[in-house]
Amino acid sequence: MKIVAILITVLLSGFSLAAQQFDDSKVPGVVVTYSPASSGKYIGSPSLAILPNGDYVASHDFFGPESNEHKRATSKIYTSSNKGKSWKEIAEIDGAFWSKLFVHQGTLWLIGPDRHHGNTLVRHSDDGGKTWTKPTNSSNGLILEGEYHCAPMPIIEHNGRIWRAMESAMGPIKKWGKRYGAFMLSAPVDADLLQADSWTSSNILYYDSTFLDGNFGGWLEGNAVVDKEGQIWDMLRVDDRSTLEEKAARVKISADGKKATFDPATGFISFPGGSKKFTIRYDEKSDLYWTIANVIPESVKKENKGKNPASIRNTQALFSSPDLINWEQKKVLLQHEDVKKHGFQYLDWVFNGKDILFLSRTAYDDGVGGAHNNHDANFLTFHKIKKFRKIK
């Protein structure tokens, strides 16, 4: 018994020491949750929504060697009733990955695959995210069966329909990037979103090795966005490792959501941060499109020539555009001089009156060795951009 008592004392001392060593005081923003590198489970897919009562809701999933991302992924739901000053976990969802929270007709929804390259599911909550419907078939939330990919991208309303960009992961070349095909999902705004036949899928545009003079590595994580002439586009992240000058792709979507077309001569545009996930939203008051993107500063470009631009994630900046083509940098929001173990990525954000609210998948110092690398984030952090329209 004495030996057992000694062992318990030693173990408790170890836990106490670990607790003392952990330190998130230097992490920018408000820490929503934390998962140390030693867990082998990394923070992924930040998603943010504002409920009709003004409460904030956040979600994320886990990826990494100790996660179940390839079997049936786990997502967690958090809420804040004090404008993001503090957060509490309210639910854990079995079978949700790369998923996006959104409010539609006063109800909270979540849409995305059930795992890494899985079936596409949609579910809703009638109590602010505490409990959720459980998709099992095409009548209660199973929208698409197969291998699908996405990120927490915007769900928008236009012309009586809701729109959400997706990717098929069933291309003939089974490699990251090259396996992905861009397409658009849409449904009538008043349809039962749990019914698979409420949704329309466009045709799928798969990888083409001739794009970008043979330097095209794939496209993914598309944004559903409407230009000022009412044309719907799927604006996607582009993989091109031949240069640090990043770009995006613009895929044209027909008004009925059934046809996707792309012109490689005009469809690729210069886009700062375009090799990483970015979110675009239109603000009626300023009559501008806004994005927060993983820009690569010129000084960092000089130090990292020859690197994959998607691997550089240490700077996030706010941009605006009058036309979805020409983008102006407004302000650097988050930055760390180290590019190897520090990263701010996969931001999801929303307008909130005069402000922008956003979540970041953040790799940062934690007092116990930090993140595994800049990609494998150990924090989910919440941030606010005050009076964003007045930033010069």
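**Group meeting: a walk through a predicted chain**

Let me begin with Trp98, which is placed in the loop between β5 (88-94) and β6 (100-104). Please keep in mind throughout that this is a predicted model. The phi of Trp98 is near 50°, a positive value in a residue other than glycine, and with a relative accessibility of 11% Trp98 counts as buried, because the cut-off for that class is under 20%.

A second residue can be set beside it. Asp213 is not a glycine either, and has a positive phi of about 55°; its place is in the loop between β13 (200-201) and β14 (218-226). Is Asp213 buried or exposed? Asp213 is exposed, since its relative accessible area is 77% and the class begins over 50%.

Before going further, a word on confidence. The mean pLDDT of the chain is 95, and 95% of its residues reach 70 or more. Over residues 1-19, however, the pLDDT is below 50, and this stretch has one contact in the model beyond near neighbours in sequence. Where pLDDT is low, the predicted coordinates should not be read in detail, and I will therefore leave that stretch aside.

Now to the chain as a whole, which has two helices and 25 strands. Its radius of gyration is 21 Å, close to the 21 Å that the globule rule gives for 392 residues, so the chain is as compact as a globular protein of that length. The C-alpha trace spans about 75 × 55 × 45 Å along its principal axes. Of the 392 residues, 56% are buried, and, among contacts with a separation of 6 or more, 56% come from residues 24 or more positions apart. The chain exposes about 16900 Å², of which carbon and sulfur atoms supply 50%.

How many of the residues of β14 are buried? Nine of its nine residues are, so far as the model goes, and β14 is described as mostly covered. Strand β14 runs antiparallel to β15 (residues 232-239), and seven bridges join the two; within this pairing, Asn223 has Met235 in β15 as its bridge partner. The two strands form a hairpin with five residues between them, and in the turn Gly230 has a positive phi of about 90°.

I will finish with Ala169, in the loop between β11 (161-168) and β12 (181-188). Ala169 has 0% relative accessibility and counts as buried. Which residues is Ala169 in contact with, leaving aside its neighbours within four places in sequence? They are His117, Glu147, Tyr148, Lys174, Arg179 and Tyr180. Ala169 and His117 are 52 residues apart in sequence, while their C-alpha atoms are 6.4 Å apart in space.

How values were computed
Residues are numbered from 1 along each chain as its sequence is written. This is a predicted model: local features need pLDDT of at least 70, side-chain atom pairs count only at pLDDT 80 or more; totals for chains, interfaces and linings use all residues. Side-chain values use heavy atoms; hydrogens and water are left out. pLDDT is the predictor's confidence in each residue, from 0 to 100. Contact means heavy atoms within 4.5 Å. Helices (H or I, at least four residues) and strands (E, at least two) are DSSP runs, numbered from the N terminus. Buried means under 20% relative accessible area, exposed over 50%, partly exposed in between (1.4 Å probe, protein chains only). The radius of gyration is taken over C-alpha atoms; the globule rule is 2.2 Å times the number of residues to the power 0.38. Accessible areas come from the Shrake-Rupley method with a 1.4 Å probe; for residues, only the protein chains shown count as cover. Two strands pair if DSSP finds at least two bridges between them.
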